[in-house]
Structure formats: structure tokens, C-alpha cells
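Good morning. Please look at the sequence and the model on the next slide while I talk.

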Amino acid sequence: MRVCFLPVLLLAVTATAQERRVVITIDDGPAVNELKDLGNFQRIARGLLNSLVAEKAPATIFINERQLNVQGQRDGRAAILAEWLDAGFDLANHTYSHPSANRVPVWQFLDDLVRGETIMRSLLEERGRKLVWFRYPYLDSGTTPEVHQAIVDFLEQRHYRVAHVTVDYKDYSFAGAYTRFLRAGDSETAERIKQAYLDQVDVGFDHAEKVSREVFGREIPQILLIHCNELNSVTLRDSIARMRNRGYQLVTLEEATRDEVYQRPDTFVGGGGSWLQRSAKAMGKQIAAGPEPGLPKWIADLPRPTPQPK
Ligand SMILES: [Zn+2]
């Protein structure tokens with residue numbers, strides 16, 4: 001019995017590993033919080049781009065066009081969008097200036113949404129491609145059913161699809177600390193944060209896999225949310241290696257969202273919320289695996305470094 005049991009078991013493990021799929025989506029592009037220095041902006045955006053090219057990893061980048069609107073740098077900043085597209089990646093709308101649909105009037109939110117597609121839409125259309133995806137800033141999609149529905153209807157009229165999220169390990173909180181220490185000249189602490197962040201990739205996926213099994217009884221194609229920041233620009237290849245070690249195949253948003261779990265209309269009203277949390281709520285299920293993992297306490301407790309004089 002033992003002789004034949006082992007290969008069967010191995011086969012089962014391999015099959016599970018092969019079935020894991022994830023799409024990488026990167027928000028707040030081309031480079032968040034870099035509204036002054038064109039060099040930083042380009043280095044971060046190209047760091048992400050080059051990592052994805054080297055790994056042959058498909059990805060969708062969600063852009064805030066506000067970041068392009070810097071006097072004297074507009075051409076240099078917009079050129080990054082063309083670089084992304086010409087390298088074969090998809091660009092998507094994340095509004096112009098990143099307002100929360102839960103905090104501004106609906107007309108203002110929709111106005112910002114339309115303003116967010118000005119440059120991108122023409123760059124895509126020049127290349128015979130279409131602007132398809134939208135993601136809500138902060139994942140906030142309206143606090144009342146009426147507001148939510150007004151946005152959903154508007155997105156439908158403009159032929160947008162909403163990109164949900166299932167894996168969110170709060171990269172931005174690591175990234176904030178990393179950049180602060182790096183730019184204050186404390187590369188040793190920055191390096192420790194970077195290593196902790198890479199460990200967080202496994203923590204985050206482990207959590208999403210557990211919740212996915214709890215809510216759907218299986219692991220669904222995952223949608224990872226990270227941001228266009230300095231930390232990801234230097235760690236993305238290592239993060240992808242971690243995903244591949246877990247048996248993930250990298251796919252596109254189109255491919256991942258063919259799964260039936262993404263066909264349900266989104267009626268969720270409230271603050272944030274991953275697609276796993278939203279689905280659990282719609283299905284009346286409690287998530288026993290607990291909340292999404294956040295920043296380790298030792299990083300949160302670090303004193304703020306003194307900025308280096310320029
Ligand atoms: Zn965002």
C-alpha cells in the first residue's frame with residue numbers, strides 16, 4: 001500500500017501547486033508621492049517595469065494622472081506611461097487625484113474619475129488598445145446603496161470593469177517606513193524593513209489562501225494589490241520568487257477574473273474591503289482566519305528618523 005500511496009500524495013500536492021494563480025496589480029502609479037523629483041519618479045517606475053520584464057510577469061498598473069501634472073516635467077512623466085504600454089503591460093484608471101468615494105460627493109468622484117483617463121485613454125487608443133479596468137482608491141466604493149449604484153452605473157456606461165483585490169498585505173506601511181529610513185541615510189534599518197517585507201509576502205498569501213478556502217471551499221485565482229513605491233521597485237523580483245515558490249502562476253486580470261467568484265455583482269457598501277471579505281459578507285459568513293496581516297509591531301514602534309539635510 002505504502003508504495004503506491006506516496007506517488008498519489010505527491011501528485012495531489014503538485015496538482016494543487018500548479019493550479020495556484022495570481023495577478024499582480026500595482027496601484028498609485030507611476031510612482032506614489034514623488035511629485036517633486038523627476039529622477040525619483042523615473043527610478044521607481046522603471047524599477048517596477050524592469051522587474052516585471054525580467055520576470056516575464058503580466059501586470060496591470062493603476063494610474064493617478066495627477067502625478068503627471070507637474071510643471072516642467074509633464075512630458076518626462078507621461079513618457080513613462082508609453083514605456084509601460086510598449087513593454088506590453090496594461091494601464092488602468094485609479095482616478096485623477098485618489099479621492100475616496102466615501103468622503104466626497106458622487107459628482108466630484110465621477111469628475112475625478114473621468115479626469116483620470118485623459119492621457120492614458122489616448123495612449124491606449126493610439127496603440128489599438130482599450131481602457132478596461134478601474135479600481136476604487138482605498139477600495140472605498142460608496143457608503144450608501146444609492147451612491148454605490150450611481151458609481152457602478154457610471155462605470156458601466158463608460159465600459160469599465162472594476163478590479164477587486166484578494167491579497168493585500170499592506171505594502172504601503174512597510175514602504176513608508178523603508179523610504180523614511182533610506183532617505184535619512186539609515187540603510188541598515190531600511191534593509192531590516194525590506195527583509196521583513198519579503199517575509200510578509202508569505203504571511204499575506206498564506207492568509208488569503210486560508211480565507212479563500214473558508215469562504216469558497218477552494219483557492220480562487222488571487223488578485224494581489226501592491227503600490228508603485230520605492231520598496232516594491234527594489235523587491236518585486238524577490239516577491240515574485242516567493243509567489244512562484246508557493247506554486248503560483250502569474251496571469252492577467254482578464255484570465256483571473258474568468259473565475260465564477262468574480263461574476264457576482266458587487267453590492268458592498270462601506271469602507272474598503274477585499275473581495276474575500278465582501279463575498280463573505282454577501283454570503284453571511286464570518287471569517288475565522290481573522291483580519292488581513294498588518295505591519296509588525298517592531299516596525300510600527302520605530303522612532304521617526306531625522307531627515308538628512310539636502
Ligand atoms: Zn490607491
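Predicted model: local features only at pLDDT ≥ 70, side-chain atom pairs only at ≥ 80, totals over all residues.

Residues are numbered from 1 along each chain as its sequence is written, and side-chain values use heavy atoms, with hydrogens and water left out.

First, the core. A nonpolar core is a set of buried Ala, Val, Leu, Ile, Met, Phe, Trp, Tyr and Cys residues joined through side-chain atoms within 4.5 Å. Buried means under 20% relative accessible area and exposed means over 50%, with a 1.4 Å probe and protein chains only. The largest nonpolar core has 78 residues, and Ile24, Leu52 and Trp84 have the most contacts inside it. Helix α8, residues 187-216, gives the most to this core, with nine residues. Helices here are DSSP runs of H or I with at least four residues, strands are runs of E with at least two, and both are numbered from the N terminus.

Next, helix α5, residues 118-126. Which of its residues are buried? They are Met120, Leu123 and Leu124. These three cover an arc of only 100° around the axis, so they sit on the same side of α5. The arc is taken from the directions from the helix axis to the C-beta atoms. On the other side, Thr118 and Glu126 are exposed. Just after α5, Gly128 takes a positive phi of about 70°.Last, the pocket: an open set of points on a 1 Å grid over the protein atoms alone, where a 1.4 Å probe fits, with protein on both sides within 12 Å along at least five of seven lines. The largest pocket is lined by 18 residues, lining meaning an atom within 4 Å of a point.
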